[in-house]
Amino acid sequence: MRDIAINIPIKVYDINELNTDDKELVNKAIEATKTSYAPYSHFSVGAAARLENGTIITGSNQENAAYPSGTCAERTTLFYAGAAFPDQSVKTIAIAAKNEKGDFLTQPIPPCGACRQVMLETETRYGKPMRVLLYGSEGIYELRSVGDLLPLSFSAKDME
Ligand code: THU
């Protein structure tokens with residue numbers, strides 16, 4: 001028997017400590033929560049992706065009366081980015097969420113498992129790390145790649 005320990009480096013920033021680009025992206029994700037369609041969960045999530053060419057794509061969660069038909073903010077955003085700019089890698093994605101009362105989460109919003117898998121595919125598809133910024137009003141997590149957000153992940157290379 002042997003142990004394996006996985007160390008995941010995460011930097012925690014106050015919003016005012018972010019560089020101009022990251023601050024802009026986080027603010028776009030915050031802004032995108034306003035476009036959420038969440039009549040069932042009343043939980044509004046926004047995401048903003050900065051592409052290699054500088055374009056920022058935003059999206060939000062879009063729910064449906066047939067619950068599984070709805071989609072999270074991260075997937076709305078990344079699928080839109082892929083459809084509109086298939087040749088552009090995603091350099092950074094920022095995510096923000098607010099509850100029914102309109103309060104942003106104090107702790108960084110953790111993306112769901114399905115979104116982590118989709119984020120991973122975006123990263124592996126372009127072969128470049130995609131940074132992840134998770135907004136919390138008391139601190140923002142920066143992960144240097146999706147691989148860090150989804151250790152022991154399954155991707156196409158595992159089928160070779
Ligand atoms: N949701 C997201 O959009 N992103 C996440 O990372 C977590 C969950 C959405 C899905 C659903 O519309 C609502 O939040 C409650 O789960």
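The model is a predicted one, with local features needing pLDDT of at least 70 and side-chain atom pairs counting only at pLDDT 80 or more, while totals for chains, interfaces and linings use all residues. Residues are numbered from 1 along each chain as its sequence is written, and side-chain values use heavy atoms, with hydrogens and water left out.

Glu 142 itself belongs to strand S6, residues 140–143; helices (H or I, at least four residues) and strands (E, at least two) are DSSP runs, numbered from the N terminus. With a relative accessible area of 13%, Glu 142 is buried, where buried means under 20%, exposed over 50%, and partly exposed in between (1.4 Å probe, protein chains only).

Now for the ligand. Its surroundings consist of Ser 41, Phe 43, Val 45, Asn 61, Glu 63, Cys 72, Ala 73, Glu 74, Pro 110, Pro 111 and Cys 112, a residue being near if one of its heavy atoms lies within 4 Å. By type, this shell splits into seven nonpolar, two polar and two charged residues (Ala, Val, Leu, Ile, Met, Phe, Trp, Tyr, Cys and Pro count as nonpolar, Asp, Glu, Lys and Arg as charged, and the others, Gly among them, as polar).

As for location, the ligand sits in the largest pocket. Sitting there takes more than half of the molecule's atoms within 2 Å of the pocket's grid points. The pocket itself is an open set of points, on a 1 Å grid over the protein atoms alone, with protein on both sides within 12 Å along at least five of seven lines.

Turning to the backbone, two residues other than glycine have positive phi values. His 42 has phi near 55 degrees and sits in the loop between helix H1 (20–32) and strand S2 (44–51), partly exposed at 35% relative accessibility. Leu 152 has a phi of about 55 degrees, but its place is in the segment after helix H4 (146–149), and at 79% relative accessibility Leu 152 is exposed.

Ser 89, in the loop between H2 and strand S4 (90–98), is buried at 3%; Gly 127 is 38 residues away in sequence and 8.4 Å away in space. Ala 84, part of helix H2 (residues 73–84), is partly exposed at 38%, and its C-alpha is 9.3 Å from that of Ile 57, 27 residues apart along the chain. Gln 117, in helix H3 (residues 113–126), is partly exposed at 31%, and 23 Å lies between its C-alpha and that of Val 12, 105 residues apart in sequence.

Conventions. On a 1 Å grid over the protein atoms alone, a cavity is a set of points where a 1.4 Å probe fits but cannot get out, and a pocket is an open set with protein on both sides within 12 Å along at least five of seven lines; lining residues have an atom within 4 Å of a point.
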